[in-house]
Amino acid sequence: MRFSGLLVAHILFWRKFANSVKSGCVSRELRTAGLISRRDTAGGFAFATATAGQAIPGYTKTGIRKSKTGRWRAAALITLNLFMIAHIIQWRVMGKTVSPIEPSETMHTLQKGFVNAGFIFFTLAILATLIFGRFVCGWGCHILALQDLCGWLLKKIGLHPKPFRSRLLVYVPLIGALYMFVWPTAYRMFHNPENAPLIPEFTNHLVTTNFWQTFPSVAVAIPFLFICGFVTVYFLGQKGFCTYACPYGGFFGLADKFSPGKIRVTPACNQCGHCTATCTSNVMVHAEVKQYGMVVDPGCMKCMDCVSVCPNDALYFGFGKPTILVPKSNAIRKSYSLTWPEEIVGALVFPGSFLAVRGVYALVPFLMALGCATVTTFLTLKLWRLLRAKELSFYRFNLKSSGKIRKAGWAFAALACAWIGLNAHCGWVRYQEFLGNLAFQKIKLPDELALAQANPARWLSPADRENILRGKEHYQAASNVGLFVNSEALPKLAWFEYLLGDAKQSVQTLGDAAAHQSGESKALSLYYRGAILNRLGRYEEAQASLGEALGERDDLILARQEKGESLWQLGRREEAISVWTDAVERNARLVLVNNELAGAKRLSGKLEEAAAHEKQADQFTPNDPFYHWILARRLQDLGMAELADKHFQQAGDLDTDKGGPQLR
Ligand code: SF4
Ligand code: SF4
């Protein structure tokens, strides 16, 4: 069926539906009040003709009773949002709080063993859904609240979101859920080079000081909410995001099939269809209750609107057989928005769009990418119809009539082309970023070895250089055409530059990266910048950069060690010793810092203290020639010649034992 046919199908559906309804489908209140004319009720289509569109208190213009649960649900969702705001304020005021009560946090539990509030919430929500059905979605989801708000606002301006019905895209939420929550464990089963346990050891992460760590920045959150709220509702219907994108809904929908708690029907039902007309989850309530005695569609979010609007009070929430135990029937014929070829095109466009936008510029999170992909799929298919169909409309806009594209049609085409073009552009940038990331992952040279001296060229094979060169080109290609700065790609580009011998440019790029970063990633960029500046002999700048890194993350111990080196080279030796001492107090096993302290104490004549640090360092020094060589290089730069010679000697001895190249 074509989009233009959707309206026709809709009308046909209601006509057929009207033929099947019985008289008496008007609420008792209306009948008692005499607000329905005899002709109307006899026609059996009372909800469409009640009092000629006159507003009756407690009824819609179409004569359907207004839902009384709608207000309760709105109150519950507003309260939920207020609690979320209170949670953030409490964290800002007190500095620590309960970890985010957000299902996505479960990924950290499955991957790292972090038991957090999100995991507990999601587990309880799934268990509750297994018993009561999908209440959590309808009454406790902030994205649903946003969609309801958007739907309400659109209706206020006369736009009634139409449901988009696809046979294949409804599987997206479940696939998304499996990808988020099952794939990481499955992947570890088959690819686990470090032999990490399949189920990680659980640790308590119920309280956090870094509440926002796993959330996008405000600059990303605003378009995220706009796309997942307004845009999906506008194009795909009131529950567009829930139906075609939400991965949590994928699991809730599955759990709902097992739940005994369902919307059920009594013999009082006369098939008037008010329930179906009211349901914003696109459930064929009247047909399902007729066929199965209950609502079986896993999209039912137990909002209870249908129960509230039924003029015969025929619906109720009750327990009984779950969906899974009810034989499936083909009696209910659903109408779909797409033909099968369109479904297949949609099934190809969706993953393409998702891959193009997910993680592009290190900005677009998973859920937002799913939301974008649903919209891209819709716009692509609609645009295709605009080119092929003779008649096409969208909401009240006439896009094409008698084979001629109207003004609204051109505007729609321009909007669709802009969106799809932006998507394709994201795809190109993402492709370049992906290849850059791949090249970065192929680098096997340890950072410590690369940073032991200003030019690490001696450690790179021709193949390594080729890989690094290509990786650098890919990042630069992405950056040349990119619309935003990728703050995660910049430090990697800087590392490529450093490995290729351009330490000065690397310092510049790391500075740019830090300017676009915050928190831990900013601290790391500043640390690497400081370390490279130390190798270049620009100690004043290095010291400042490392100080900034520590300002971001006080626990970044490597920055402390490098800062000690800058201070030492600047002749501020007491300060250097103080910084190194601070570092070993935080971690007594630091080999290089203990060696540096040993060297410093030795130079100031404190031989006993020097011996103690040296002993402590030797205790934890790996028996590796490269490690000794790194120590030797760093100590030599600091003028601690005796200790440097000792490690050069050990590196040489171990290296000769292994028959490797001379480490000098
Ligand atoms: S259950 Fe639905 S179809 Fe049946 S009487 Fe109530 S509103 Fe009408
Ligand atoms: S079927 Fe009824 S309870 Fe379920 S979502 Fe639709 S209106 Fe709400």
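**Entry 1**

I looked up Leu-392 and found it opposite Lys-400 in β8. The model is predicted, so I noted its limits: local features need pLDDT of at least 70, side-chain atom pairs count only at pLDDT 80 or more, and totals for chains, interfaces and linings use all residues. Residues are numbered from 1 along each chain as its sequence is written, chains are lettered from A and ligands numbered from 1 in the order in which they are written, and side-chain values use heavy atoms, with hydrogens and water left out.

Next I checked how β7 meets β8 (residues 397-401): three bridges join them, and they run antiparallel. I wrote down what pairing requires: DSSP must find at least two bridges between two strands. I also wrote down that helices (H or I, at least four residues) and strands (E, at least two) are DSSP runs, numbered from the N terminus. The open sheet has three strands in the order β7-β8-β9, with antiparallel pairing. β7 (392-394) and β9 (404-405) each have a single partner strand, so each of these edge strands has one side without a neighbour in the sheet. Strands of a sheet pair through backbone hydrogen bonds, either parallel or antiparallel.

I then went to the loop between β7 and β8, where I found Tyr-395. Its phi is near 50 degrees, a positive value in a residue other than glycine. Most residues other than glycine have a negative phi. Is Tyr-395 buried or exposed? Tyr-395 is buried, with a relative accessible area of 15%. Here buried means under 20% relative accessible area, exposed over 50%, and partly exposed in between, with a 1.4 Å probe and protein chains only.

**Entry 2: aromatic rings**

Tyr-395 came up again in an aromatic cluster, together with Phe-164, Tyr-234, Phe-235, Tyr-244, Phe-378, Phe-394 and Phe-412. How many aromatic pairs does the structure hold? I found 36. For the cut-offs: rings of Phe, Tyr and Trp (its six-membered ring) pair if their centres lie within 6.5 Å; planes under 30 degrees apart count as stacked, over 60 as edge-to-face and the rest as tilted.

I picked out Phe-135 and Phe-317. Their ring centres are 5.1 Å apart and their planes at 75 degrees, so I logged the pair as edge-to-face. The pair links distant parts of the chain: Phe-135 is in helix α8 (residues 135-140) and Phe-317 in strand β6, 182 residues apart. Phe-135 counts as partly exposed at 22% relative accessibility. Phe-317 also counts as partly exposed, at 23%.

**Entry 3: β5 and β6**

I followed β6 (residues 315-319) to its partner. Five bridges join it to β5, and the two run antiparallel. Gly-261 stands opposite Phe-319 in β6. Four of the five residues of β5 (residues 261-265) are buried, so the strand is largely enclosed by the rest of the structure.

**Entry 4: two ligands**

I listed what surrounds ligand 1: Cys-269, Asn-270, Gln-271, Cys-272, Gly-273, His-274, Cys-275, His-286, Cys-310, Pro-311, Asn-312 and Leu-315. A residue is near a molecule if one of its heavy atoms lies within 4 Å of it. This shell divides into six nonpolar, six polar and no charged residues. In this scheme, Ala, Val, Leu, Ile, Met, Phe, Trp, Tyr, Cys and Pro count as nonpolar, Asp, Glu, Lys and Arg as charged, and the others, Gly among them, as polar.

Around ligand 2 I found ten names, among them Ile-263, Cys-279, Cys-300, Cys-303 and Cys-306. That shell has eight nonpolar residues, one polar and one charged.

**Entry 5: helix α31**

I checked the length of α31 (residues 625-637). At 1.5 Å a residue, its 13 residues should span 18 Å; the end C-alpha atoms are 18 Å apart, which agrees. The expected span is 1.5 Å times one less than the number of residues. At the start of α31, a side-chain oxygen of Asp-624 reaches to within 2.7 Å of the backbone nitrogen of Phe-626. A polar contact is a pair of N or O atoms within 3.5 Å; within protein, one must be able to donate a hydrogen and the other to accept it, and residues adjacent in sequence count only if both atoms are side-chain atoms. Just after the helix, Gly-639 takes a positive phi of about 80 degrees.

**Entry 6: a loop residue**

Last, I looked at Asn-486, in the loop between α22 (462-481) and α23 (489-499). At 12% relative accessibility, Asn-486 counts as buried. A polar atom of its side chain lies 2.9 Å from the backbone nitrogen of Glu-488.
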